[in-house]
Structures are given as structure tokens and as C-alpha cells.
Amino acid sequence: MEASNVILSTPLQQLKDEHVLLREEMNHFYEITEEIEFESGPVVIQEFARLYERIQDFNSKLKAHSKKEDDWLFPMMARHLGENDKIIVVMEFEHEKAEQHLREFLTEAEQAGPTIDEEEAQAISVYAVQAYATLIQHFDREEKVLFPLAEEILSAREKEELERRFRG
């Protein structure tokens, strides 16, 4: 069964649709990191300020998305898969890794403050690039492996429960 041909139930499709919007935002902030890397002078500081705003906004959207998976989808799937299955462990680890990169970016940017220089801005923006790389792979893995697996193993009742939780 080809994973991309799997028709997802409403809650799983919702998570996949959220990836589309999150990816768009990630692409925007990644473009800014490239500007920071390849530009010099005051432009770097201006772009870094833009990046900081984008990452703050993105971080709260990502947290809302991840919460649905961490609080509802992953535990539900883990009950079916058993504790020896590594897929949920990997997914949770990737969430933590991406969140850590974003946290490091925000913390270091705040510590540097308005007096940040070009080199600091370039160094700190690497965390945003790392978050981007982690999340691109992670979303891909969820869409190709996790969501189709969830579609297969979760009962209709569980999918309805997810849908209810996501609305609430």
C-alpha cells in the first residue's frame, strides 16, 4: 500500500494540512536566514530582527500543532503499537529537538538584545536553520509513515475522539 494513496480521516488530514501552513512559514524564515548568512552590514541586523519576529510567531503555532500530536495522537497510537515500537519515541524526540533549536534561537537572541552584532546574528540564526532541517524531515516522516499508520491502526471511535479533542 503506497502511503501517499492513503485517504486520511478528518483529524489526521487536519494535522497534515497544518504542516502545509507551517512549511510555508518555515520557508519564509529559512529565506531570511540565507539573507543573514550572505549579506553584511546593517542589513544583517534588520533581517535578524525580522527573523526573530517570524520565529516567535512560528514557535507558538508549532507548539499548538505539536500539542495535538503529543497529548492525543501519540499516546493513542502508543497503546496500539506497544512499548517496544520506536516510531512514537522518534517522533517525540524530533519534536523536542526542533523545540530546543527554536528555544535556543529565542533565548540567545533575547540575551544579545538590540546591541547584537553581525557575527552574533549569523551565529544565532544557525539555530533557526537547524529547527528548519529537523522539521522538514519530521513532517515528511509523519506524512509518509505516521499518519498512514495511524489511519490503519486507530479505530473509528478513536478518530472521532481525536476530532473532538482537536476542536476543543
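Select F147 to begin, which is found in helix α4 (residues 118-153), where helices (H or I, at least four residues) and strands (E, at least two) are DSSP runs numbered from the N terminus. The model is predicted, so that local features need pLDDT of at least 70 and side-chain atom pairs count only at pLDDT 80 or more, whereas totals for chains, interfaces and linings use all residues. Residues are numbered from 1 along each chain as its sequence is written, and side-chain values use heavy atoms, with hydrogens and water left out.

F147 has a relative accessible area of 0% and is therefore buried (under 20% relative accessible area, with exposed meaning over 50% and partly exposed in between, for a 1.4 Å probe and protein chains only). Display its contacts next (heavy atoms within 4.5 Å): leaving aside neighbours within four places in sequence, F147 touches L8, L12, L15, K16, H19, E69, L73 and E142.

From that list, move to L73, whose C-alpha atom is separated by 9.5 Å from that of F147, 74 residues apart along the chain. At L73, helix α2 (residues 42-81) has a kink of about 35 degrees, shortly before the proline P75; the bend at a residue is the angle between axes fitted to the seven residues ending there and the seven starting there. Following the chain to a point just after α2, one comes to G82, which takes a positive phi of about 85 degrees.

Go back into helix α2 and select E47, which counts as buried because its relative accessibility is 12%. Beyond residues up to four places away in sequence, E47 touches I32, E35 and I36.

T33 is found in helix α1 (residues 10-38) and, at 3% relative accessibility, counts as buried. Not counting residues up to four places away in sequence, T33 is in contact with L51, S125, A128 and V129.

Finally, show α1 together with helix α5 (residues 156-167): their axes come within 8 Å and cross at roughly 50 degrees. Axes are lines fitted to C-alpha atoms, for helices over the stretch in contact, and angles run from 0 to 180 degrees between N-to-C directions. The two helices α1 and α5 are therefore oblique to each other, given that angles under 35 degrees count as roughly parallel, over 145 as roughly antiparallel, 65 to 115 as roughly perpendicular and the rest as oblique. To see this contact, select T10, P11, Q14 and L15 of α1 with K159, L162, E163 and F166 of α5.
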